[in-house]
Amino acid sequence: MNTETHPSNHSPAETAHNTRSLWRLAAYRNWFVADTADVFAVSLRTFAIPLVGLALSGSPFVSGLLVTIESAIGLALISIGGAIADRHDRRQLMILLGLAGMVLSLATTVLLAAGMMNAILFALFVVLFAVMNGLLGPSNDAMLKSIVPMERFAKAQAIREARESCVELSGGAIGGLLYRIAGWFPFLASTVLYLAAALTALALPKRTATAVGSDSSSSERPTAGGQTTNPSFLAQFVEGWTWTLTRRTVLAAIAQGAVINVACYGSIIGVQIMLAARGTDAALIGLVGTATGIAALLGSLAAGWLVDHIPTGKLIMLTFAMFTLAMVPLLFTDSYGVIVACMTVASLLFPALNAGELGFIYGRTPDHMQGRVSTVFETAIGVPGALTPALVGWLLQTSGFGFRAVMMLVVACAGLGLLLACVTPTRNIPLPAQWEQAEL
């Protein structure tokens, strides 16, 4: 009797398990192309929004407000998007994300090219992009977990992190060159990228009974009769916030991350809007992002050694101290060369900080809480940063000190983050070898 199993009966994750290289797996290749196209489209749009907003409104405040609107709406909807990704076909959601992004990007391109766009209409498109990303964006992350087995997921995530560094490295430069051609060109490029994302998502494996069964939620709980129940979304949501905010080290990391995010967003958006307002070539504005991307890439190469040799608590303090000192010169000058040098130095150690601090937090978090803790952590530290661009635009427009006022905010928040790192429980996070004995 022939007992050979036909390949079509294997789930994508089982196929990945039996494949030496992830790149030999068609599902992974298609996912990677679709996700990369989406990430690059978001990078181009993120670069273009403040510049287009400034050109349409003539107001630095409106320019910063548009960035705040997109960030805040995305953060507000991302937890809902995660629930949607867990309850619906992720392949179909990725296709819908690509098609929606293509339609919105094409409409923005046509209206900008035809001179029919104004600030209010552009703000509406920014809102639609944010809603789309918040509700449909998490499907990309969830789909990766469906096609790659857990023991190969670390490798897939490492590849993804390297890709993120490359996008950061090139996104600003390419966005600047495209914007230099025409303000609508970054959105035209995004149209093509979203189309590519939708087409490659079409080639992803359709949901099967096996795939669904292997992707069931680990939050199901047994009842007295031995059956399992699936807690309501509200119950899981509340449990995630309660559990996360009652962990002293996590709470300290959230407080530090929130104020440092304000400093980071303030420096990035402040530099971008200030340079645009004084007529700096868009390509040169993009090169600032390229410089920070190079620094982040170099920092990511050294991150493993740094985390293994410097206790994570001390690494956090060192990163915040270096960031604070790097921002101080910008209190006294807005020279382009000094800006590039300071932004580059400030970015060097953040990959190591993320590897150490996030590795400790998520490594010590129970498996069934991973998704919720991640969502709570990202939302809590992200909200202040999301509101920062509007404040930066207001300071640039109304303050008599302009860019200097923005940098005073940046240095103050960076210094506060450093102080919190020195006096809160994160300072006691040890080397990875001792993480299991450290209190979360």
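This is a predicted model: local features need pLDDT of at least 70, side-chain atom pairs count only at pLDDT 80 or more; totals for chains, interfaces and linings use all residues.
Let me start with one cysteine. Cys413 has a relative accessibility of 13%, so it counts as buried, the cut-off being under 20%. Cys264 is buried as well, because its value of 18% also falls under 20%.

With cysteines on the table, how many disulfides does the structure hold? The number is zero. For anyone new to the term, a disulfide is a covalent bond between the sulfur atoms of two cysteines.

Now the chain as a whole. It has 440 residues, and 49% of them are buried. The secondary structure consists of 17 helices and two strands. If you take the contacts with a separation of 6 or more, 83% of them are between residues 24 or more positions apart. The accessible surface is about 19800 Å², and carbon and sulfur atoms hold 67% of that.

The largest nonpolar core contains 77 residues, and Phe122, Phe323 and Met327 have the most contacts inside it. Which helix gives this core its largest share? That is helix H11, residues 248–277, with 13 residues. A separate core of 14 residues lies apart from it, and includes Leu22, Tyr28, Met143 and Leu204.

Back to Met327 for a moment. Leaving out residues up to four places away in sequence, Met327 touches Ser267, Cys342, Met343, Ala346, Met407, Val410 and Val411.

Please find helix H15 now, residues 350–363. Its 14 residues reach 19 Å from the first C-alpha to the last, close to the 20 Å expected at 1.5 Å a residue. Several of its residues are buried, among them Phe350, Leu353, Glu357 and Phe360. Phe360 is at 0% relative accessibility, so it counts as buried.

Phe360 also brings us to the aromatic rings. The structure holds eight aromatic pairs. One of them joins Phe360 and Trp435: the ring centres are 5.8 Å apart and the planes stand at 70°, which makes the pair edge-to-face because that angle is over 60 degrees. Where do the two partners sit in the chain? Phe360 is in helix H15, while Trp435 is in the segment after helix H17 (403–423), 75 residues apart, so the pair links distant parts of the chain. Trp435 is at 14% relative accessibility and therefore counts as buried.

Last item: Tyr28, Trp31 and Phe32 form one aromatic cluster. Tyr28 was also named as a member of the 14-residue core.

Technical notes
Residues are numbered from 1 along each chain as its sequence is written. Side-chain values use heavy atoms; hydrogens and water are left out. A nonpolar core is a set of buried Ala, Val, Leu, Ile, Met, Phe, Trp, Tyr and Cys residues joined through side-chain atoms within 4.5 Å. Buried means under 20% relative accessible area, exposed over 50%, partly exposed in between (1.4 Å probe, protein chains only). Helices (H or I, at least four residues) and strands (E, at least two) are DSSP runs, numbered from the N terminus. Contact means heavy atoms within 4.5 Å. A disulfide is a pair of cysteine sulfur atoms within 2.5 Å. The expected span of a helix is 1.5 Å times one less than its number of residues. Rings of Phe, Tyr and Trp (its six-membered ring) pair if their centres lie within 6.5 Å; planes under 30 degrees apart count as stacked, over 60 as edge-to-face and the rest as tilted. Accessible areas come from the Shrake-Rupley method with a 1.4 Å probe; for residues, only the protein chains shown count as cover.
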